[in-house]
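Hi,

Here's the structure I said I'd pass on. Have a look at it first, then read my notes below.

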Amino acid sequence: MKPADDWNRWAQTWQQQPSINVDQLRQQVRRKQWRMRIFIVWRVIGAIIVVTALTRLQMAPGIPIPMRVWGGIMFPLFALIFYMRVRQYRGIWNAASEGTVDLLRLTAKRARAGIRLAWTNVAAIILISVVSLSFAAPYLMPVRWLHDPNVRHVLAPLIATNGAIAIAALVINASYMHRQRARLHHVEALLAEVTDLDGHPN
Amino acid sequence: MAQDLSALLQEYGGLLAHIASSYEADAALRQDLLQDITLALWRAIPSCRNDASMKMFVARVAHNRGASHVVNRMRHPKTVDLIEELPDATEGPETHTQLQQNLVRLQNAVRSLPLNLRQTVTLAFEGFSHQEIGDTLGISANNVDVRLNRARKALKTALGEST
């Protein structure tokens, strides 16, 4: 059979697929648009709350210096997180302008950046834990807290809360890295499918 | 929603549905992908005002969203056993069943192709010329020829037809 015959036969079968229900799709998309708007408003409200809280931390009188320093560090960190979240949607926003290979490369780049960021988070958590523990070292000596109920009452919830937060953050980052590695592996396999050894579309 | 988008959906609904089916076997997820494609089109419409290339523009957006969908859905079945709905059976139930089986086999075969061949094949099925396929996917017409040759062999093998 000639190649053209195969293509005609397959195309004919392919065209038998049902089309879309335009009204139904429009309704579904409208609902999705509303969900996205609500999601964006929710994000913006969250950002306003965080910025207000951090600003108050800087302005309010009587706030200890370490808290002010912490607030100062959180400002750029929060801006960075917000920026990364906005970037996550770039693939959808740029659906028209980029080809599949560019989209896959961008996805791989983002996955690598995500892994690097997660490693930075892990390092930061460990560093903050070590620094905090060295500052608290004198109070952690059994001789201090065994005989001082006040220290015990302050230390116990502090260690329990911060320890739980640190462990949860480590687990979340490890899980995120695992997912990003799997994603990267998958994207690289797809890229190998669609490009030749020189990286051109094949 | 913009009138432009409604007109676009009316005109290219079939093209969008066919492209979505080449990326997703599950009906519910395919509907979700169609919604994402529609949203991407809605956002992208302002960047395209050239009516002559509208079909290619729609196909490009749909394929790019489809590729993102493949990236985001790493673990899911590529094939299905039955198709949910087909146009009315005007040629008798047996012919209808045969048609359904052929279509399901072809869909599964297309979904089993590597991404680059799959995109090229679906556009060829929609009647795009080699030049149009090349312009849509950002590759040369020669490259399209090579891809279609490879795709034909792969499809024949997947469908169990002699090459």
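Let's start with chain A: among its contacts (heavy atoms within 4.5 Å) between residues at least 6 apart in sequence, 52% join residues at least 24 apart. Chain A has seven helices and zero strands, counting DSSP runs numbered from the N terminus (H or I of at least four residues for helices, E of at least two for strands). Of the 202 residues in chain A, 25% are buried, meaning under 20% relative accessible area with a 1.4 Å probe, protein chains only.

Before going on: this is a predicted model, where local features need pLDDT of at least 70 and side-chain atom pairs count only at 80 or more, while totals for chains, interfaces and linings use all residues. Residues are numbered from 1 along each chain as written, chains are lettered from A and ligands numbered from 1 in written order, and side-chain values use heavy atoms, without hydrogens and water.

Now chain B. Its domain assignment (automatic or from a database) gives domain 1 (1-82) and domain 2 (93-163). In chain B, 20 residues of domain 1 are in contact with 16 residues of domain 2. The area buried between these two domains of chain B (accessible area lost on being put together, 1.4 Å probe, summed over both) is about 1700 Å², with 58% from carbon and sulfur atoms. On the domain 1 side that touches domain 2, helix 1 (3-23) and helix 3 (54-72) of chain B are the elements giving two or more residues. Helix 3 of chain B gives the largest share of that side, seven residues.

Cheers

Key
Buried < 20%, exposed > 50% of the residue type's maximum accessible area, 1.4 Å probe, protein only.
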